[in-house]
Amino acid sequence: MYCRAISLKNFAFQKYTWIKKSDNAIVDSIYQETYKAYLDGKYQQVIKNTEYVSKQYPDAELMPKFLFVKALSTARSVPRDEFKAELKNIIEQYPTSDVVSLSKNMVALMEQGMNPEEVANKIIAALEQDI
């Protein structure tokens, strides 16, 4: 009986691991699609994809990147304070994410008087130079 219990526990863990890997693959695929939509100027699609992932996979490792690309997409259409709040949300909720330093730089640029669209364009230009 003890062996059976261990066996069932291992099976449950393996199934959970498989589902988690499957979810990561799905989220990664959606992120690639979302980033391409951003590059193509399809900002509404970026917002829809981000909202979908935040509801279906709220703990996804790529969530901060989704939120960052969404923030960049809304930079042209939302008030300064809302854009800044989106960036601060990323900084606070995901302090170890690789998009935090970019988010902090963007907030700092806005505090120096740049508007959200200028900030987004400046950051994108800097990122393109690094590629």
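Analyst: The model is a predicted one. Its protein chain contains 6 helices and 0 strands, and the order along the sequence is α-α-α-α-α-α. Of the 131 residues in the chain, 37% are buried. The accessible surface amounts to about 8,700 Å², and carbon and sulfur atoms supply 53% of that area.

Helix H2 (residues 43-56) packs against helix H3 (residues 63-74) at an angle of about 150 degrees, and the two axes are 9 Å apart. Angles over 145 degrees count as roughly antiparallel, and H2 and H3 are therefore roughly antiparallel to each other. The crossing of H2 with H3 is left-handed. On the H2 side, the contact involves Tyr43, Val46, Ile47, Asn49, Thr50, Val53 and Ser54; on the H3 side, it involves Met63, Phe66, Leu67, Val69, Lys70, Ser73 and Thr74. By residue type, this contact comprises 8 nonpolar, 5 polar and 1 charged.

H3 also packs against helix H4 (residues 80-93), here at an angle of about 170 degrees and with the axes 10 Å apart. H3 and H4 are therefore roughly antiparallel to each other as well, and H3 and H4 cross in a left-handed manner. From H3, the residues Pro64, Leu67, Phe68, Lys70, Ala71, Leu72 and Thr74 take part, and they meet Phe83, Glu86, Leu87, Asn89 and Ile90 of H4. This contact of H3 with H4 is made up of 8 nonpolar, 2 polar and 2 charged residues.

Thr34 belongs to helix H1 (residues 2-39). Is Thr34 buried or exposed? With a relative accessible area of 0%, Thr34 is buried, because a residue counts as buried when that value is under 20%. Apart from neighbours within four places in sequence, Thr34 is in contact with Val46, Asn49, Thr50, Phe66 and Val69. Val46, Asn49 and Thr50 are among the H2 residues that contact H3, and Phe66 and Val69 are among the H3 residues that contact H2.

Methods: Residues are numbered from 1 along each chain as its sequence is written. This is a predicted model: local features need pLDDT of at least 70, side-chain atom pairs count only at pLDDT 80 or more; totals for chains, interfaces and linings use all residues. Side-chain values use heavy atoms; hydrogens and water are left out. Helices (H or I, at least four residues) and strands (E, at least two) are DSSP runs, numbered from the N terminus. Buried means under 20% relative accessible area, exposed over 50%, partly exposed in between (1.4 Å probe, protein chains only). Contact means heavy atoms within 4.5 Å. Accessible areas come from the Shrake-Rupley method with a 1.4 Å probe; for residues, only the protein chains shown count as cover. Axes are lines fitted to C-alpha atoms, for helices over the stretch in contact, and angles run from 0 to 180 degrees between N-to-C directions. Angles under 35 degrees count as roughly parallel, over 145 as roughly antiparallel, 65 to 115 as roughly perpendicular and the rest as oblique. A crossing is left-handed if the near helix is turned anticlockwise from the far one by less than a right angle, and right-handed if clockwise. Ala, Val, Leu, Ile, Met, Phe, Trp, Tyr, Cys and Pro count as nonpolar, Asp, Glu, Lys and Arg as charged, and the others, Gly among them, as polar.
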